[in-house]
Amino acid sequence: MIKIAKKDLFDRIAKYYGLFFSYQTNTYGRLFDKVYNELDLVLYREIIDVGCGTGALCKELYKRGFNVTGLDSSKEMLSVAKDKLKGRAINLIHSDILIDNTLAEKTFDVSITSFVAHGLKKEERNILYRQMERITKHMIIIYDYNEKRSMITNILETLEGGDYFNFIHSVKDELHQHFKNLQVIDLGDHASCYVIRVSY
């Protein structure tokens with residue numbers, strides 16, 4: 001029931017969320033300027049954005065030469081993404097990675113998810129981690145909040161009803177328990193890239 005309610009929420013806010021598309025693409029551009037060389041992303045071609053929303057990250061990945069797949073459980077978010085990404089060869093898939101196992105194993109060189117994990121309950125995050133590992137050959141990137149909190153984020157995340165407060169205190173331990181290696185790259189005041197090199 002939680003997943004259905006959250007999907008309905010994102011369906012309702014999709015057109016408003018799309019208003020921030022340019023801001024988001026600029027933010028992702030700055031992110032990749034910081035980590036692109038450090039993570040040797042030039043070595044990889046096939047990438048999936050899990051929870052792609054309106055497609056801002058997909059656009060930035062495409063601009064940098066990746067073959068991009070975007071996946072989201074919200075039809076309305078994907079509808080906005082199709083409009084925003086028109087004319088670009090980006091594959092968009094309507095699916096919930098927490099319950100859908102149809103993506104083939106080791107399909108993508110890199111899987112990335114941006115500000116998705118904190119909104120999931122712990123058991124759902126564990127499924128997300130397993131699924132990303134299952135479909136990924138080389139690298140998993142989880143771009144999300146770190147333990148440094150801000151008042152506005154506290155308010156917004158309380159309204160969203162996700163697991164933000166538990167996530168920021170437990171994410172590193174969770175990932176260490178699930179994966180053999182973890183690299184944390186702090187970005188700005190409140191976000192980090194959690195990077196896992198996958199054995200393949």
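Helices (H or I, at least four residues) and strands (E, at least two) are taken here as DSSP runs, numbered from the N terminus. With that in hand, welcome to a quick tour of this chain. The model is predicted, so local features need pLDDT of at least 70, side-chain atom pairs count only at pLDDT 80 or more, and totals for chains, interfaces and linings use all residues. Residues are numbered from 1 along each chain as its sequence is written, and side-chain values use heavy atoms, with hydrogens and water left out.

**Overall layout**

- The protein chain holds 7 helices and 7 strands.
- Reading from the N terminus, the elements come in the order α-α-β-α-β-α-β-β-α-β-α-α-β-β.
- The chain has 200 residues, and 48% of them count as buried (buried means under 20% relative accessible area, exposed over 50%, and partly exposed in between, with a 1.4 Å probe and protein chains only).
- Among contacts with a separation of 6 or more, 69% come from residues 24 or more positions apart (contact means heavy atoms within 4.5 Å).

- An open sheet is built from 7 strands in the order 3-2-1-4-5-7-6, with mixed pairing (two strands pair if DSSP finds at least two bridges between them).
- Strand 3 (91-94) and strand 6 (183-187) are at the edges with a single partner strand each, so one side of each has no neighbour in the sheet.
- From one strand to the next, the twist averages 20 degrees (axes are lines fitted to C-alpha atoms, for helices over the stretch in contact, and angles run from 0 to 180 degrees between N-to-C directions).
- Strand 1 is largely enclosed by the rest of the structure, because 4 of its 5 residues are buried.
- Strand 4 (residues 108-114) pairs with strand 5 (residues 136-145) over 6 bridges, in the parallel sense.
- Across from Ile112 you will find Ile141 in strand 5.

**Helices lying on the sheet**

- Helix 4 (residues 75-84) lies across strand 2 (67-72) and strand 3, and runs at about 165 degrees to strand 3.
- Helix 5 (residues 122-135) lies across strand 1 (46-50), strand 4 and strand 5, and runs at about 145 degrees to strand 5.

**Helix 2 against helix 3**

- Two packed helices are described by the angle between their axes and the distance between the axes.
- Helix 2 (residues 21-35) packs on helix 3 (residues 56-63) at an angle of about 45 degrees, and their axes are 8 Å apart.
- That makes helix 2 oblique to helix 3 (angles under 35 degrees count as roughly parallel, over 145 as roughly antiparallel, 65 to 115 as roughly perpendicular, and the rest as oblique).
- Helix 2 and helix 3 cross in the right-handed sense (a crossing is left-handed if the near helix is turned anticlockwise from the far one by less than a right angle, and right-handed if clockwise).
- Helix 2 makes the contact through Phe21, Gln24, Thr25, Tyr28, Gly29 and Phe32, while helix 3 brings Ala56, Leu57, Lys59, Glu60 and Leu61.
- By class, this contact of helix 2 with helix 3 has 6 nonpolar, 3 polar and 2 charged residues (Ala, Val, Leu, Ile, Met, Phe, Trp, Tyr, Cys and Pro count as nonpolar, Asp, Glu, Lys and Arg as charged, and the others, Gly among them, as polar).

**Two buried loop residues**

- Thr54 sits in the loop between strand 1 and helix 3, and counts as buried at 1% relative accessibility.
- Leaving aside neighbours within four places in sequence, Thr54 is in contact with Ala14, Tyr17, Gly18, Phe21, Gln24, Met77, Val80, Ala81 and Lys84.
- Ile97 belongs to the loop between strand 3 and strand 4, and is buried with a relative accessible area of 8%.
- Not counting residues up to four places away in sequence, Ile97 touches Val50, Leu71, Leu128, Gln131 and Ile135.
- Ile97 and Asp72 are 25 residues apart in sequence, and their C-alpha atoms are 8.1 Å apart in space.

**Positive phi values**

- Most residues other than glycine have a negative phi.
- Lys106 has a positive phi near 55 degrees without being a glycine; Lys106 is in the loop between strand 3 and strand 4 and counts as partly exposed at 22% relative accessibility.
- Phe115, also not a glycine, has a positive phi of about 50 degrees; Phe115 is in the loop between strand 4 and helix 5 and is partly exposed, with a relative accessible area of 30%.
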